[in-house]
Amino acid sequence: RCENLVEVYFQLQQQVMAASTELGPELLPRLLERLNEVLSSLVKSSFLVEKQPPQVLKTQTKFQASVRFLLGPQLLKAAPKPYMVRADMVTEKQARELELSNYSNTLSESTGEILHNMVALETNPTSVTCCANFKNVLLKKIKRCERKGSESVTEEKCAVLFSTNVTLTPSNISIHLQVLSLPIVVIVHGNQDNNAKATVLWDNAFSDIERVPFVVAERVPWEKMCDTLNLKFMAEVQTTKGLLKEHYFFLAQKIFNDHSASPEDFQNRHVSWAQFNKEILPGRGFTFWQWFDGVLDLTKRCLKSYWSDRLIMGFISKQYVCKLLSMEPEGTFLLRFSDSEIGGVTIAYVIRGKDGSSQVENIQPFSAKDLSIRSLGDRIRDLGQLRNLYPNTPKDQAFGSHYNSEWGGLG
């Protein structure tokens, strides 16, 4: 424990002072200086961000954060008044300079204006913790810095720097404490949220623990990306039913724009940041991440129970649906996420002509707005041409628990 190490420090200091005459005028100051360096390092490392600010932060929006000084209850108990902790926005370049100086440099200029950015570092006698709780903070404005190449504002990473100066008792040493938050992307409009989330997801998933702020790989193994998309999906939708191997195969075909490779071929590939959220998908007006995030949002808002009951195949191409359904009886259907629209789910079903030939039809995708008016289960009940969920489950058996009993069927 940090407290025990500090006790050891003070005992060593006392022993050094007791042996001062034996140590001599040259060795004593050097030993005391080294002890102070060790104490300073220990104390600085015990200043932590306990509650991180939002990693996508909109200007003119209030947010919360808190920092904790682990050694505060022991070292600041004799302080005449609480010390104040300051919160400042810093650029990636400033964060890097602070890191390279081992946080010995102080910030020269904040890169944004934060209101209510001074909070007392207070000890709670009940929990014996020493914290500064920022409850009413607001980023009023941000100064944009020069970006690299084709980098957009939603790829620009900042951080909040928390800092304070404390004087430790009983040694009376003054120490400057500072700690950086996780990287933050600052937005000014809600329509930037999607791209900002992509930057944060990539940074959180693929950055090394020991790194220069905020360096992250430009290309990552596809298998790592699969793990990330799966964890993100389950966390956002709040489901225990994750993505399956066939889902990953479809997603690989989509992001690499390759329909000839096998699932095994994709396992050894690397996916780039550009493929993830810079390059527009062929024939579409959006990126892979923008499309995937739309699926996340739709599933979270309207389809959680259907997905958790494995009633939605979801991640499957229109071409593969035709292959699956073409030999099935009339009225066999399945649900997939729309390829052409962001945040849509569509129903593909089999119809047979008089000559016995089969055809697969796709119903116009339903959006979250559509499904908030009438649920997916009730829409399926309404559609008389839908009979069995692929491969052969009667629709009332599959979706009966999702029907709204107050509505009568229309088909």
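Predicted model: local features only at pLDDT ≥ 70, side-chain atom pairs only at ≥ 80, totals over all residues.
Residues are numbered from 1 along each chain as its sequence is written, and side-chain values use heavy atoms, with hydrogens and water left out.

**Salt bridges**

Side chains of opposite charge can pair when their charged atoms come close. A salt bridge is taken here as a side-chain nitrogen of Lys or Arg within 4 Å of a carboxyl oxygen of Asp or Glu. The search of the whole structure finds 18 salt bridges, and the table lists three of them.

| Salt bridge | N to O distance |
|---|---|
| Asp193 and Lys197 | 3.8 Å |
| Arg269 and Asp258 | 2.7 Å |
| Arg381 and Asp378 | 3.2 Å |

Secondary structure elements are DSSP runs numbered from the N terminus, with helices (H or I) of at least four residues and strands (E) of at least two. Accessibility is classed by relative accessible area: buried is under 20%, exposed is over 50%, and partly exposed lies in between (1.4 Å probe, protein chains only).

Asp193 and Lys197 are four residues apart in helix H5 (residues 193-206), so about one helical turn separates them. Asp193 is partly exposed at a relative accessible area of 29%, and Lys197 is likewise partly exposed, at 26%.

The pair in helix H13 (residues 376-382) is Arg381 and Asp378, which are three residues apart and thus separated by about one helical turn. Arg381 counts as buried at 16% relative accessibility, and Asp378 is buried at 2%. Salt bridges with shared partners join Arg374, Asp378, Arg381 and Asp382 into one network.

The salt bridge of Arg269 with Asp258 has its N and O atoms 2.7 Å apart. Arg269 lies in the loop between helix H8 (263-267) and strand E12 (270-272), and Asp258 in the loop between helix H7 (245-256) and H8, so the pair ties together parts that are 11 residues apart in sequence. Arg269 is partly exposed, with 28% relative accessibility.

Asp258 is buried, with a relative accessible area of 15%. Contact means heavy atoms within 4.5 Å. Leaving aside residues up to four places away in sequence, Asp258 touches Gln253, Phe266 and Arg269. Its side chain also makes a polar contact of 2.9 Å with that of Ser260. A polar contact is a pair of N or O atoms within 3.5 Å; within protein, one must be able to donate a hydrogen and the other to accept it, and residues adjacent in sequence count only if both atoms are side-chain atoms.

Asp339 is found in the loop between strand E13 (332-337) and strand E14 (345-352). Asp339 counts as buried at 15% relative accessibility. Residues up to four places away in sequence not being counted, Asp339 touches Phe250, Lys254, Arg284, Phe286, Trp291, Ser317 and Lys318. The side chains of Asp339 and Lys254 are joined by a polar contact of 2.5 Å. The C-alpha atoms of Asp339 and Ile316 are separated by 9.1 Å, and these residues are 23 residues apart along the chain.

**Packing of H6 and H7**

Helix H6 (residues 222-237) packs with H7 at an angle of about 115°, their axes being 11 Å apart. Axes are lines fitted to C-alpha atoms, for helices over the stretch in contact, and angles run from 0 to 180 degrees between N-to-C directions. H6 contributes Trp222, Cys226, Leu229 and Asn230 to the contact, and H7 contributes Tyr248, Leu251, Ala252, Ile255 and Phe256.

**Backbone features**

Two cis peptide bonds are described here. The bond from Pro213 to Phe214 is cis, with omega near -20°, and Phe214 lies in the loop between H5 and strand E11 (219-221). The bond from Tyr390 to Pro391 is also cis, with omega near 5°, and Pro391 is placed in the loop between strand E16 (388-389) and strand E17 (393-394).

Gln60 has a positive phi of about 65° although it is not a glycine. Gln60 lies in the loop between strand E2 (56-58) and strand E3 (62-69) and counts as exposed at 51% relative accessibility. Val128, a residue other than glycine, has a positive phi near 50°. Val128 is located in the loop between strand E6 (118-124) and strand E7 (129-142) and is exposed at 52% relative accessibility.
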